[in-house]
Amino acid sequence: MSYLTNIPDEFHQDGSGKLIENCKMCNKELLDSSEAYVLEKAIKKFPEIEAREVIFEYAICMDCAQESRKSLSKQSIQDIEEFLSSDEVKSNLLNAMEASLTNGASMLDYCIVTGAHIDEVEEYQIMAHCNGKKLSQGTQAFMISGKGLEIINELLSAETRDELDRLKDEHFGVPPEFDKILNPTDLVFL
């Protein structure tokens, strides 16, 4: 029997407290199916008023994610994959896992790119690969800080940035006040 982990509460929608039920791109039902999908949520904190705002939250089925990925440059994909498999990222991921096991922290408390704690960042994204109402077997949800996304953004070709901008405009309406802080990298994990 395999052990599957519930999707962390942080991925529940802020307004309803429920998980997102449908793919953002094709509207395919996700929670009651065996469909693999990605959950992603971007958050901006406002420490001066002790508040936070969800910039976007969505679910995308793996079919749509793979189709979107085809439009990205091969060099960008290769550079990102190499970076995410680097010793630095592996070390940060292991440190986050260790903290979650030894002191009750969440894997979502540490940026896998920079190692920064969630209390040290003002913008971040959380991501998870899921099946139904559980994390996909063998995966963990993770967090990338705004600084981590900037580092990844440097790996993207101009062609990939243009394509991610197109996807953002086509599928991800964001409030106008956040449009300036939402850059193409924010959608890089489709």
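These questions and answers set values from a predicted model against the definitions behind each term.

Local features need pLDDT of at least 70 and side-chain atom pairs count only at pLDDT 80 or more, while totals for chains, interfaces and linings use all residues. Residues are numbered from 1 along each chain as its sequence is written, and side-chain values use heavy atoms, with hydrogens and water left out.

Q: Why is C111 called buried?
A: Buried means under 20% relative accessible area, exposed means over 50%, and partly exposed lies in between (1.4 Å probe, protein chains only). C111 has a relative accessible area of 0%, so C111 is buried. C130 is also at 0%, so C130 is buried.

Q: How many disulfides does a search of the whole structure find?
A: The search finds 0. To count, a pair of cysteine sulfur atoms must lie within 2.5 Å.

Q: What makes E120 exposed rather than buried?
A: Its relative accessible area is 61%. E120 sits in the loop between α3 (87–102) and β3. Its C-alpha atom is separated by 9.9 Å from that of D109, 11 residues apart along the chain.

Q: How do you know that β1 and β3 pair?
A: Two strands pair if DSSP finds at least two bridges between them. Strands (E, at least two residues) and helices (H or I, at least four) are DSSP runs, numbered from the N terminus. Here 9 bridges join β1 (residues 36–46) to β3 (residues 123–131), and the two run antiparallel. One of the facing pairs is A42 and Q125.

Q: Which residue of β5 is the bridge partner of Q125?
A: I144 is the partner in β5. Strand β5 (residues 142–145) pairs with β3 over 4 bridges, in the antiparallel sense.

Q: What makes β3 and β4 a pair?
A: They share 2 bridges, antiparallel, with β4 spanning residues 134–135. The requirement is at least two bridges, so the pair qualifies. N131 stands opposite K134 in β4. The two strands form a hairpin with 2 residues between them, and G132 in the turn has a positive phi of about 60 degrees.

Q: Why is the contact between K28 and E35 called a salt bridge?
A: A salt bridge needs a side-chain nitrogen of Lys or Arg within 4 Å of a carboxyl oxygen of Asp or Glu. For K28 and E35 the N to O distance is 3.6 Å. That is within the limit, so the pair counts. The structure holds 10 salt bridges.

Q: What does the salt bridge between K44 and E123 tie together?
A: The closest N and O atoms of K44 and E123 are 3.7 Å apart. K44 lies in strand β1 and E123 in strand β3, so the pair ties together parts that are 79 residues apart in sequence. K44 is buried at 13%. E123 is partly exposed at 28%.

Q: How do you know that E81 and R69 form a salt bridge?
A: Their closest N and O atoms are 2.1 Å apart. E81 lies in helix α2 (residues 74–84) and R69 in helix α1 (residues 62–69), so the pair ties together parts that are 12 residues apart in sequence. E81 is partly exposed at 43%, and R69 is partly exposed at 34%.

Q: Which residues are linked in a network of salt bridges?
A: D14, K41, R52 and E57 are linked in this way.
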